Number of protein chains: 2
Amino acid sequence: MTKEQDLELVKKYQKELRLISNILALLAWDLETYMPKSAANARAEQTAFLEKFYHEKINSKELFESLEKLRKENLFGEDKIIIEKFYKDVVRAKKIPKELVEELARITPLSFSAWQEAREKNDFKIFQPYLEKIVELKRKQASYIGLPGHIYNNLLDDFEEGMTVEILTLKFRKLKEDLVKLLNEIKNSKKYRNQKLNFKGWVFPREKQMDLARDVVERMGLKNEFSRIDFAEHPFEVKVGRGDVRITTNIREDPMFSFLSSVHEAGHGLYESNFPEEYSFNVLGNAPSFGLHESQSRFWENMIAKGVPFWKYYFHKFKKEFGVNDFEKWYEDINFVNPSKIRIESDEVHYALHIILRFEIELGLLEGTISVKDLPKIWNQKMKELFGIIPENDKEGVLQDVHWSQGYFGYFPTYILGSIYAAQIYESLKREFPQIDREIEKGDFSRISEWLKEKIHKHGKKLLAEEIIKNACGEGLNPDCYIDYLRDKYLKIYN
Amino acid sequence: MTKEQDLELVKKYQKELRLISNILALLAWDLETYMPKSAANARAEQTAFLEKFYHEKINSKELFESLEKLRKENLFGEDKIIIEKFYKDVVRAKKIPKELVEELARITPLSFSAWQEAREKNDFKIFQPYLEKIVELKRKQASYIGLPGHIYNNLLDDFEEGMTVEILTLKFRKLKEDLVKLLNEIKNSKKYRNQKLNFKGWVFPREKQMDLARDVVERMGLKNEFSRIDFAEHPFEVKVGRGDVRITTNIREDPMFSFLSSVHEAGHGLYESNFPEEYSFNVLGNAPSFGLHESQSRFWENMIAKGVPFWKYYFHKFKKEFGVNDFEKWYEDINFVNPSKIRIESDEVHYALHIILRFEIELGLLEGTISVKDLPKIWNQKMKELFGIIPENDKEGVLQDVHWSQGYFGYFPTYILGSIYAAQIYESLKREFPQIDREIEKGDFSRISEWLKEKIHKHGKKLLAEEIIKNACGEGLNPDCYIDYLRDKYLKIYN
């Protein structure tokens, strides 16, 4: 085969793998939104079949041979990058036996259903055997990959290339100290001691909540023509293909939940919508890391949609729809610092502590020092230590997150990385456009969207997350920037 | 390979092909319900990819060899039937080149979008180039199959095994004569000359229409746990997998449209829900013909849901929701005979004429005696001849049906076959259970559902349609039974 033929073959494989992933994304979206309950087994078979197909394809001998040949060729520009990235993916996939891939694919939809049922019935035992199996399979998977250091590194690397337990442990320790210090300052403020939610008990009709969620998502730039918003137990975002980005939300007791979770998921959605068209069917049409992906959602959710300028625009809409009448009090409710049981309902200051709790548990499960059966107890112990509260039931405790039911171990830390990146992005944006608050106050987010697209989205996976952040913000991952942001914002409220 | 190994291999292929079909069904359902508009190209790629995969699988050399070996073995019972049916499918698939399969798979989602846009803008020209391409490809496909007789037989056989243009032409000629005769009697009745729709202009709120549609579907036995109902431009039914049967509906001017179309699609849905579990992943888990499939939907829609006993139960619900107040007038509105432009809004008596119109046009397109560009003109001419009316625009004329946009040529005749079977089923059911009307009046359809399951559904594709009808009704396809049914019912109304 000539070099051109090898390139053609590699191109074909990338496209087919992407198509399989897109179809899998639709199966997953449907599972969580509209699929009838009794289809869980059928969906498990369909998913396992496609996962196996994907695995066979990425493990194809001809693909590997062409990639090896091409690596020795004198390639330039994007071709060179694509071949290297794709080769890395292929080598990684080759390490995991087909049987394990299939087994994981078959168990996860069932495990998801079991998790749903366990939540409904508030009974961890329903979920336990599935989670035990998943932990067992993920440990197996990790052992096949064989990266140096902690066994967890093998899973973490899937979501955050190059990140290690060793680095995270160090960064998280410092972060925890800084957060606890800040929380103590907040808790010692007069404001905190007398605080209560001003709009608790108010009625926020469901349909109006959804109208506002649709409004903000559209205003951010996630248009109807290429996206949609549906209900699901757990808010998420998924790209089904070019021109097809979907987010979900849910109505909860907190009246801001649907609105802010939609902003969050729309942040993900904008990222996925802005990859260059020519990356649609190659390995560059992705985010380089889940941390960078999370930075987009958390940036919009926290730095923008919980900020003063944003509410200067949106307050009058909420006033009109729900009758909320005091800007100050409304703003304080939105940024109400209080230990909460639910991660996705957490305030910004406590948020990273929720993640650290999960990170520590995941390490224990992978090391084998924590058993699945003890999880409810351990969860509650850690909640007591970190937050000073104990969930009343497992639904509000260990059963609250979807991730483990789907085998996503190693994902949680990326939320913290995303928060840190988000703070850095916010700082850079404000430095570059000192007038940006004036635009936000008018409900005009176009400069922000454009900046994110130019600085971050359009690169796809061509650069590493760290490189993209360096180019955009002038420096790599910097937790101190995040702490500065939190201190600056929250010590103004809690003074 | 041993016989057992061959059987194992054949089993594996059946399962994989079924899984691919199921996934394709989800892609199709999503395309027509929730997919964002700008995803048309992406969806086309995904569909084409899976169609190609299906085609490669069914054309696999090892599968063909195993089937050929097994045909020579001494197999018994279902194994023997499965091998023969599967072999026939494989031989048929082998005749169509991969490129054609892919091209058709790629064009149909685009063509569907073009059809939607053409309808919206009431502009046939938008759809024309796509339809021209599809006709060209379907003619190619037909020429590859090479059945004896009319070129259209090759497409018809896909939907109604063994049926031919020659048989249909004869049966349809007689049917047309009988229908025209009946229509003349109706039109000459005093009733007809003075008739008008009694409830025209009444308000039937959308949500209440949907509530009633959900109610009747559930009462028929299509439960929430394994089914769902959504909106789509065109009502349809699709099975995504075991425990996952979906129907769609739409709200139109006719207040009964959503209700009756839901009954119709639920009839399909019940059929697909009742295949034995052990057929889930083999070739027997299907209807033997589209005509028999249509018999299920048309039976429920017409014989049951437009009958007097049914309305003795449902009238009070419609009275409560919409205030309709006169049983006789309501029943007459539901069975109002009047030439209509829209097939799926047609009364029972005119219905077959709509099909005959389409059948004649399809023959012309396949023979090459009709050009796509002339379709609007020809459509309107034929409407004038058969119905005495001309549609005001193409949306209500040639653009009304989804079928051609998806390449379904040869499908329409199965609606007439289904109507005939439905009348035969109705007659047998009443003969077997003279008290059945009493149960229907109470809203109890369980005996009907059970009878259909036992006599028809549970056989899957194990028997031919004709055999199933013979066993259930004592004779094969009998158009006279359908005419008798129509005469009996409608000459009572129009006397």
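What follows is one request and one connected answer.

Q: Please look closely at the place where chain A touches chain B: which elements give two or more residues to the side of chain A, and which of them gives the most?

A: This is a predicted model, in which local features need pLDDT of at least 70 and side-chain atom pairs count only at pLDDT 80 or more, while totals for chains, interfaces and linings use all residues. Residues are numbered from 1 along each chain as its sequence is written, with chains lettered from A and ligands numbered from 1 in the order in which they are written.

The contact takes 28 residues from chain A and 28 residues from chain B, two residues being in contact if their C-beta atoms, placed from the backbone, lie within 7 Å. On the side of chain A that touches chain B, the elements that give two or more residues are α1 (3-33), α2 (40-58), β1 (227-231) and β2 (237-241), and among these α1(A) gives the most, with 7 residues. Helices (H or I, at least four residues) and strands (E, at least two) are DSSP runs, numbered from the N terminus.

In chain B, the loop between α2 (40-58) and α3 (61-72) holds B:Ser60. With 14 C-beta neighbours inside 10 Å, B:Ser60 counts as partly exposed (buried means 20 or more other C-beta atoms within 10 Å, exposed 12 or fewer, partly exposed in between). Although B:Ser60 and B:Lys3 are 57 residues apart along the chain, their C-alpha atoms are separated by 18 Å.

The loop between α5 (98-121) and α6 (124-145) can be followed in each chain. In chain A that loop contains A:Asn122, whose phi is near 55 degrees, a positive value in a residue other than glycine; in chain B the loop contains B:Asn122, with a positive phi near 50 degrees. A:Asn122 is partly exposed, with 14 other C-beta atoms within 10 Å, and B:Asn122 counts as partly exposed, with 14 such neighbours.

Within chain A, helix α11 (residues 257-273) and helix α12 (residues 290-304) pack at an angle of about 140 degrees, with their axes 7 Å apart. α11(A) and α12(A) are therefore oblique to each other. Residues making this contact include A:Leu260, A:Val263 and A:Tyr271 of α11(A) and A:His293, A:Phe299 and A:Trp300 of α12(A). Angles run from 0 to 180 degrees, those under 35 counting as roughly parallel, over 145 as roughly antiparallel, 65 to 115 as roughly perpendicular and the rest as oblique.

Further along chain B, helix α15 (residues 348-367) includes B:Gly364, which is partly exposed, with 16 other C-beta atoms within 10 Å. B:Gly364 touches B:Thr369 and B:Ile370, not counting residues up to four places away in sequence. B:Gly364 and B:Tyr152 are 212 residues apart in sequence and 9.6 Å apart in space, C-alpha to C-alpha.
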